[in-house]
Amino acid sequence: MEYTKELVINLPREQVIALFNNEENLKKWQPGLQSMTLVSGEKGQVGAVSELVYKMRKRTLAMKETILEMNPPETLKFKYDANKVENWMTNTFIDNGDTTTWVTHNIFKCKGMIKLFAALSPGSFKKQTEKSMMDFKKFAENA
């Protein structure tokens with residue numbers, strides 16, 4: 001499954017990138033995030049792998065984040081690996097002067113029952129992306 005979403009944030013691109021790239025801000029806009037631990041590589045650099053742990057209702061979800069490309073302020077690329085789901089995410093930040101357009105392009109590869117769920121309900125993945133983007137927008141504009 002592959003899709004692109006975009007959102008305008010009412011801040012200049014430099015501010016958006018600074019907020020987005022600050023690991024200390026993650027818990028402020030990613031509900032349920034319990035921890036982020038560097039597993040290998042150099043923090044914030046291409047090739048770095050971190051484990052993110054989320055509390056979602058009554059269960060815990062752990063995923064690995066791999067930084068694929070760091071080309072701020074234009075593009076940031078990541079790969080996320082969770083149980084039977086891989087997500088390649090390209091974030092592009094377009095400078096509009098006083099605002100920034102955040103474009104996120106996602107490619108998901110799923111296995112097992114998750115693959116069936118994704119095929120039957122692709123909108124749930126898109127809605128989660130939209131929610132995450134809106135959570136960041138609200139955080140950034142009120143920071």
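Modeller: This is a predicted model. A search of the whole structure finds eleven aromatic pairs.

Colleague: What makes the pair of Phe20 and Phe136 edge-to-face?

Modeller: The ring centres of Phe20 and Phe136 are 5.5 Å apart, and pairing requires centres within 6.5 Å. Their planes stand at 80°, and the edge-to-face class begins over 60 degrees, so the pair is edge-to-face. Phe20 belongs to helix α1 and Phe136 to helix α4, 116 residues apart, so the pair links distant parts of the chain.

Colleague: How do you know whether Phe20 and Phe136 are buried or exposed?

Modeller: Buried means under 20% relative accessible area. Phe20 has 11%, so Phe20 counts as buried. Phe136 has 0% and is therefore buried as well.

Colleague: Why is the pair of Phe78 and Tyr80 called tilted?

Modeller: Their planes are at 35°, whereas stacked needs under 30 degrees and edge-to-face over 60. The centres lie 6.0 Å apart, so Phe78 and Tyr80 form a pair, and a tilted one. Both residues are buried.

Colleague: Which residues do ring pairs link into a cluster?

Modeller: Phe20, Trp29, Phe93, Trp102, Phe136 and Phe139. In the largest nonpolar core, which has 26 residues, those with the most contacts inside it are Ile9, Phe20, Phe93, Trp102 and Phe136.

Colleague: What makes the buried residues of α1 line one face of the helix?

Modeller: Arg13, Val16, Ile17, Leu19 and Phe20 are the buried residues in α1. Viewed down the helix axis, they fall within an arc of 165°, so they line one face.

Colleague: Now the charged side chains. How do you know that Glu51 and Lys64 form a salt bridge?

Modeller: The N to O distance is 3.8 Å, and the rule asks for within 4 Å; therefore the pair counts as a salt bridge. Glu51 is in strand β3 and Lys64 in strand β4, so the bridge ties together parts 13 residues apart in sequence.

Colleague: Why are Glu51 and Lys64 called partly exposed?

Modeller: Partly exposed lies between buried, under 20%, and exposed, over 50%. Glu51 has 27%, so Glu51 counts as partly exposed; Lys64, at 33%, does too.

Colleague: What about Asp135 and Lys131?

Modeller: Their N to O distance is 2.8 Å, in a salt bridge. Both lie in helix α4, four residues apart, about one turn of the helix. Asp135 has 17% and therefore counts as buried, whereas Lys131, at 39%, is partly exposed.

Terms used:
Residues are numbered from 1 along each chain as its sequence is written. This is a predicted model: local features need pLDDT of at least 70, side-chain atom pairs count only at pLDDT 80 or more; totals for chains, interfaces and linings use all residues. Side-chain values use heavy atoms; hydrogens and water are left out. A nonpolar core is a set of buried Ala, Val, Leu, Ile, Met, Phe, Trp, Tyr and Cys residues joined through side-chain atoms within 4.5 Å. Buried means under 20% relative accessible area, exposed over 50%, partly exposed in between (1.4 Å probe, protein chains only). Helices (H or I, at least four residues) and strands (E, at least two) are DSSP runs, numbered from the N terminus. The arc is that of the directions from the helix axis to the C-beta atoms.
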